[in-house]
Amino acid sequence: MKLVEHYKYPARGQYIQIEDKRMHVYTKGNGPKTIVLLTGLGTASPVLDFEPLINEMSKHNRVVAIEPFGYGWSDMTDKNRTVEHIVEELRSALQQLNIKGPYVLMPHSISGIYSMYYAHEYPEEVEAVVGIDATLPAALAYFNESPPTMPHYMRYAAPIGLTRLVISLNSSGYLPLDSEGTYSEENLAITKAMTAWNGYNNNVVQEANELGDNVKKTARMSFRSDLPVLFFTRDDGWESRDGRSKITFLQTQLTNNPSSTIIPLKGHHYLHWTKYKEISEAALNFMEDIKDKE
């Protein structure tokens, strides 16, 4: 069912057909590298969420932001949110748009798992990985944690209007941190509307609850030894009793490529909300370093 906002806020990119569903993809810029942005779990619209980062990085390279099914302007799907389905849908979108690889995958949060699977299964299509506080499959075992789950009843939050009510009472909790006017009023208005119609939908809930199985499928995978990887991680000072931290974990995930490195940044889990310039500059330097060593 289409809401008023669907007509008020038309898609910014283009649609491609995957089986009988439409997936929304936004591209911007030209350059020697193709950077594919992959979203974190439940982000209302990856295209809007990544907008400041897209604008910065597209000055030097082509940037592709894919909105998976259940996100942004994309349709929902009946297919289970397994890592296999998600990655094949991403590949299909790129292929249909004739966007040739190899790609620099830039995953945020949960999509680090999908990037691991993608790089492991299709190594010729991935030339580098740049994670933004990305979740990698081995993290749960490293920290001895269980995968989080989401109650199935949450999928009814948007259809019955609960998400819309919550946002109307406290929209700041669902919008990007924006102390410097980074996000336009239009962007924030559309993000708010999209959260109302997309929030906690069936695809997102199913993806959250598929996390445990997706981790099991990828836990023994690793990035190939020569793959350049750059990890931006949130520097929050947290450390477990036995001295483990995000930094020590990511050190176990670094490859033998001389360009591979870790960059801690102060900020929110959505580091690109406030650190998009630093991320863009460091990623550009990283890619230039890769080019020089090719």
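## Close-up views of a predicted model

**Figure 1. The buried residues of helix H11.** In H11, the residues Phe249, Leu250 and Gln253 are buried. Viewed down the axis of H11, the buried residues fall within an arc of 95°, so they line one face of the helix. Which elements do the buried residues of H11 pack against? They pack against helix H5 (111-121), H6, S7 and S8. Please keep in mind, here and in every view that follows, that this is a predicted model.

**Figure 2. The chain as a setting for the close-ups.** Before moving on, here is some context for the views. The chain has 12 helices and 8 strands. Of its 294 residues, 53% count as buried. Among the contacts in the chain with a separation of 6 or more, residues 24 or more positions apart account for 79%.

**Figure 3. The largest pocket and its lining.** The volume of the largest pocket is about 800 Å³. Its lining is made up of 30 residues, and the closest to the pocket centre are Ser109, Asp133, Thr135, Glu145 and His269. H6, S7 and H11 are the elements that give two or more residues to this lining. Which element gives the most to the lining? That is S7, with 4 residues. Sorted by class, the lining has 17 nonpolar, 9 polar and 4 charged residues.

**Figure 4. Asp133, a residue with a positive phi beside the pocket centre.** Asp133 is worth a view of its own, as it returns from the pocket lining, where it is among the residues closest to the centre. Asp133 lies in the loop between S6 and H6. Its phi is positive, about 45°, although Asp133 is not a glycine. For comparison, most residues other than glycine have a negative phi. Is Asp133 buried or exposed? With a relative accessibility of 9%, Asp133 counts as buried.

**Figure 5. The salt bridge between Arg234 and Asp133.** Asp133 also forms a salt bridge with Arg234, and the closest N and O atoms are 3.7 Å apart. Arg234 lies in strand S7 (residues 229-234) and Asp133 in the loop between strand S6 (126-132) and helix H6 (139-142), so the pair ties together parts that are 101 residues apart in sequence. The two partners can be told apart by their accessibility: Arg234 is partly exposed, with a relative accessible area of 25%, whereas Asp133 is buried, at 9%.

**Figure 6. Lys266 and its surroundings.** Lys266 forms a salt bridge with Asp235, with 3.7 Å between the closest N and O atoms. Asp235 lies in the loop between S7 and helix H11 (246-253), and Lys266 in the loop between strand S8 (261-265) and helix H12 (276-293), so the pair ties together parts that are 31 residues apart in sequence. At 32% relative accessibility, Asp235 counts as partly exposed, while Lys266, at 53%, counts as exposed. Which residues is Lys266 in contact with, leaving aside its neighbours within four places in sequence? These are Asp235, Leu271 and Lys275. The C-alpha atoms of Lys266 and Asp236 are separated by 6.7 Å, although the two residues are 30 residues apart along the chain.

**Figure 7. The salt bridge between Arg22 and Asp75.** Arg22 and Asp75 form a salt bridge, the closest N and O atoms being 3.9 Å apart. The pair links distant parts of the chain, 53 residues apart, with Arg22 in strand S2 (residues 21-28) and Asp75 in the loop between strand S4 (62-67) and helix H4 (83-96). Arg22 is partly exposed, with a relative accessible area of 27%, and Asp75 is partly exposed at 22%. A search of the whole structure finds 15 salt bridges. Elsewhere, Arg12, Glu51 and Glu186 are linked in a network of salt bridges.

Figure 8. Glu19 is found in the loop between strand S1 (14-18) and S2. Glu19 is not a glycine, yet its phi is positive, about 55°. Glu19 is exposed, with a relative accessible area of 60%. The second detail is a cis peptide bond that joins Gly101 and Pro102, with omega about 5°. As background, most peptide bonds are trans. Where does Pro102 lie? Its place is in the loop between H4 and strand S5 (103-107).

How values were computed
Residues numbered from 1 in each chain as written. Predicted model: local features only at pLDDT ≥ 70, side-chain atom pairs only at ≥ 80, totals over all residues. Heavy atoms only, no water. Salt bridge = Lys/Arg side-chain N within 4 Å of Asp/Glu carboxyl O. Buried < 20%, exposed > 50% of the residue type's maximum accessible area, 1.4 Å probe, protein only. 1 Å grid on protein atoms, 1.4 Å probe; cavity = no way out; pocket = protein on both sides within 12 Å on 5 of 7 lines; lining within 4 Å. Points joined across faces, edges and corners; volume = space filled by probe spheres on them. Nonpolar A, V, L, I, M, F, W, Y, C, P; charged D, E, K, R; others polar. Arc of directions from axis to C-beta. Contact = heavy atoms within 4.5 Å.
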